[in-house]
Amino acid sequence: MLSGIARPAVATLRTLRLPSQAAVRAMSSSAGSASPYTTLATSHPAEFITHVELHRPEKRNAMNKAFWSEMVDLFNGIAGNPDCRVVVFSGAGPAFTAGLDLLDTADLLLQPKGDDVARVSWNVRKTVAKYQETFSVIEKCPKPVVVAVHGACVGAGVDLITACDIRLCTQDAWFQVKEVDIGLAADVGTLQRLPKVIGSRSLVNELALTARKMYADEAQSSGLVSRVFADKEAMMAGALEMAGEIAGRSPVAVQGTKINLIYSRDHSVAEGLDYMATWNMSMLQSQDVMKSAQATMEKKSPKTAAFSKL
């Protein structure tokens, strides 16, 4: 539990336009941080792309009480928003996140309410389950989430990024499963998702049991991140380019791909194939298949096709 723009016009043939360097710089700062949330900022740097930013830079984006419910509200909204096809997630300020805000949440950990052991335990369990949902909503959201990490990513930050679909980082990024240092086992996703992300069970055990830092090069070689960038501006440009490629494809195909990848991760090959056959018996009837095929035959990018919103 530890550690925390207006849309451009649609281009000719509906090709998605990538944002300018000015837009990238704005995304990498506190610019455009107007939001109904106190811990998160949202913007729309390009058509069908939503940028979500951890936005407590003065606290190194430590995750306070408000964060845990705001994330759920935000991602539940994104999940049903037809104007969003992909999310880029990043952090404002000098670090991605310092993890859990211990000062703000200490009472939940050290003074749980209840008249006896059973009731105290019941309330603790409800709190942990609520916090787990904060990151599970990322995984449940059918829109792919590209997370861009710079600087420190500590404790609950690792829980967060392992629930995302694509992980990028800067050369100065480092990651730390910090929970054992404060006397608890990580309980909101790291111990369940990190072993499925990193191929080496031994490395996962080492990181979780020693709380040592993992730096960018090791994070890439182990599979925690897929790309490392020189600095944050380059990373955000790369994340937006990637998001633009995803947003330009059929939303039926993209969302179906995410859902089936997660299902197959947690089931046998036979179960995954059966689920896929059931899924596509209806999804193959989408107009998107014909539109994509037509673009391919005409040697055009799929991004030239006018896919209906989903």
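This is a walk through selected places in the structure, with a note on what to select at each stop.

**Before you start**

You are looking at a predicted model, where local features need pLDDT of at least 70 and side-chain atom pairs count only at pLDDT 80 or more, while totals for chains, interfaces and linings use all residues. Residues are numbered from 1 along each chain as its sequence is written, and side-chain values use heavy atoms, with hydrogens and water left out.

**Stop 1**

Select F67, which sits in helix α2. Is F67 buried or exposed? With 2% relative accessibility, F67 counts as buried. Here buried means under 20% relative accessible area, exposed means over 50%, and partly exposed is in between (1.4 Å probe, protein chains only).

Now show what surrounds F67. Leaving aside residues up to four places away in sequence, F67 touches T39, L40, L54, T134, F135 and L160. Contact means heavy atoms within 4.5 Å.

**Stop 2: α2 against α4**

Widen the view to all of α2 (65-79) and helix α4 (residues 117-140). Two packed helices are described by the angle between their axes and the distance between the axes. Which values belong to α2 and α4? The angle is about 30 degrees, and the axes are 8 Å apart. Axes are lines fitted to C-alpha atoms, for helices over the stretch in contact, and angles run from 0 to 180 degrees between N-to-C directions.

The two helices are therefore roughly parallel to each other. Angles under 35 degrees count as roughly parallel, over 145 as roughly antiparallel, 65 to 115 as roughly perpendicular and the rest as oblique. The crossing of α2 and α4 is left-handed; that is the word if the near helix is turned anticlockwise from the far one by less than a right angle, and right-handed is the word if clockwise.

To see the contact, select F67, W68, M71, V72, F75 and N76 in α2, which meet Y131, E133, T134, F135, V137 and I138 in α4. These contact residues divide into nine nonpolar, two polar and one charged. In this count Ala, Val, Leu, Ile, Met, Phe, Trp, Tyr, Cys and Pro are nonpolar, Asp, Glu, Lys and Arg are charged, and the others, Gly among them, are polar.

**Stop 3: α10 against α11**

Move on to α10 (251-265) and α11 (269-283). This pair packs at an angle of about 160 degrees, with the axes 10 Å apart. That makes α10 roughly antiparallel to α11. Their crossing is right-handed.

Select V252, G256, I259, N260, Y263 and S264 of α10, then E271, G272, Y275, M276, W279 and M283 of α11, to display the contact. What kinds of residue make up this contact? They divide into seven nonpolar, four polar and one charged.

**Stop 4: salt bridges**

Side chains of opposite charge can pair when their charged atoms come close. A salt bridge is a side-chain nitrogen of Lys or Arg within 4 Å of a carboxyl oxygen of Asp or Glu. The whole structure has 15 salt bridges.

Select R56 and D101, whose side chains meet in a salt bridge (3.0 Å, N to O). R56 lies in the loop between β2 and α2, and D101 in the loop between β3 and α3, so the pair ties together parts that are 45 residues apart in sequence. R56 is buried, and D101 is buried too.

Next comes D266 with K196, whose closest N and O atoms are 3.8 Å apart. D266 is in the loop between α10 and α11 and K196 is in helix α6, so this pair ties together parts that are 70 residues apart in sequence. Salt bridges that share partners join E139, R193, K196, R265 and D266 into one network. D266 is partly exposed at 39% relative accessible area, and K196 is partly exposed at 48%.

**Stop 5: F48**

Finish at F48, in the loop between β1 and β2. Phi of F48 is near 70 degrees, a positive value in a residue other than glycine. F48 is buried, with a relative accessible area of 4%.

Key: Helix = DSSP H or I, 4+ residues; strand = E, 2+ residues; numbered from the N terminus.
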